Amino acid sequence: MKKFLALTLILALALPTFAACSKEEAPAPGADGPSQPVAAGELNLYTWENMFPQEVLEGFTAETGIKVNYSSFDTDETMLAKLETAKGGDYDVIIADDYIIETAIAEGLVAPLNKELLPNYSNVNPIYQSQFFDPENKYTVPFGAGVQTLVYNPAAVEKEITSYADLWDASLQDNLAVIGNYRVVNGMALKVLGESYNVTDIATIEAAGKKLLELAPNIRLIKDDNVQDDLLSGEVGAAVMYTSQVTLACLQNPDLKVVYPTEGVGFGVMAQFVPSAAPNPEAAHKFMDYILRPEIAKQCFEFMGYYCTNKAADELIEDAYKPFLTLPEDFSGETEMIQNITAEADEAHVKAWTEFKAACGQ
């Protein structure tokens with residue numbers, strides 16, 4: 001879960017389901033979307049797995065009588081394909097990444113928000129608003145944010161890591177795990193070369209691909225799921241992970257070192273939106289406003305481990321989580337969001353990524 005307006009900012013922050021009269025146990029989230037139109041008292045929620053604590057979804061149902069049908073997708077692209085096929089229908093609330101939301105809005109698949117139905121909208125931290133995918137905050141409600149983060153175990157790594165470039169050090173041979181997002185990983189090589197994540201020059205992307213091949217001897221794992229487990233178990237000594245994985249890892253092993261690379265940090269926002277032909281848009285707004293309550297937002301962010309985008313919830317976050325739910329107060333580095341690029345540039349990225357994975361034997 002997991003992606004990144006060229007912007008520079010200093011982030012200094014303080015840091016389903018039951019029907020109304022039912023006592024049946026809520027069904028587990030499924031991988032497929034709804035096959036039939038929903039009743040007036042239902043809400044179709046579509047996002048990644050494990051985005052909400054069960055008690056939050058049950059609480060919404062108990063309060064409103066609206067049953068939550070939770071469906072999950074594996075990638076943003078899967079979500080967009082289903083939304084396109086449904087012509088903006090089937091789902092009431094979708095939570096996805098910034099760049100894919102920009103595409104969905106451009107295709108007319110996202111409905112403008114009715115902010116009169118969102119009295120808690122003012123709780124959103126403005127740092128995460130007005131971004132490239134929704135500059136007028138017309139369509140989305142931020143639901144979490146994160147940065148491309150390096151984490152390592154000093155007891156299992158010979159050198160101090162402070163940058164992306166350090167990951168190429170020979171001492172890390174067969175000791176590094178990276179997430180399976182090609183724009184993020186290819187972007188590390190671009191940053192080492194002093195380039196933007198969003199460069200469209202094909203020759204520059206190809207040069208980054210060659211640089212990435214030099215990293216192959218150090219790669220032990222390329223995977224998206226539960227990379228923190230491999231770091232915690234000692235399978236690898238260093239990893240490039242999603243923010244939620246960093247939170248889980250550091251809560252279990254406080255000796256791990258978190259690195260904000262000197263070359264610049266990839267920054268991304270995931271957000272809620274209502275599809276253009278949502279079956280139950282009124283329920284969608286009720287759900288989003290419920291999630292915007294500070295006490296509910298607190299539960300969600302501590303469960304997910306992503307950066308808190310609800311300023312009213314910041315003071316409620318438990319002390320154990322506060323170091324991981326925002327950038328450090330003394331952070332002064334550059335951040336850049338990974339955005340959509342030209343089809344030709346993306347094709348060059350895919351080619352470089354395919355060659356890199358082959359070189360890593362994965």
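Biologist: Which residues are linked with K159 and D166 in a network of salt bridges?

Modeller: This is a predicted model. In it, salt bridges join K159 and D166 into a network. The network also includes D169.

Biologist: How many salt bridges does the structure hold?

Modeller: A pair counts when a side-chain nitrogen of Lys or Arg lies within 4 Å of a carboxyl oxygen of Asp or Glu. For the structure, the number of salt bridges is 13.

Biologist: R293 forms a salt bridge with E63. How many residues apart are they?

Modeller: The closest N and O atoms of R293 and E63 are 2.4 Å apart. R293 sits in the loop between helix 8 (281-291) and helix 9 (294-304), while E63 belongs to helix 1 (residues 54-64). The pair links distant parts of the chain, and its separation is 230 residues.

Biologist: Is E63 buried, partly exposed or exposed?

Modeller: Buried means under 20% relative accessible area, and exposed means over 50%. E63 has 46% relative accessibility, so E63 counts as partly exposed.

Biologist: Which residue pairs with E336 in a salt bridge?

Modeller: The closest N and O atoms of this pair are 2.6 Å apart. E336 lies in strand 12 (residues 335-336), and its partner lies in helix 4 (residues 182-192), 145 residues away. Both residues are buried. The partner is K191.

Notes
Residues numbered from 1 in each chain as written. Predicted model: local features only at pLDDT ≥ 70, side-chain atom pairs only at ≥ 80, totals over all residues. Heavy atoms only, no water. Helix = DSSP H or I, 4+ residues; strand = E, 2+ residues; numbered from the N terminus. Buried < 20%, exposed > 50% of the residue type's maximum accessible area, 1.4 Å probe, protein only.
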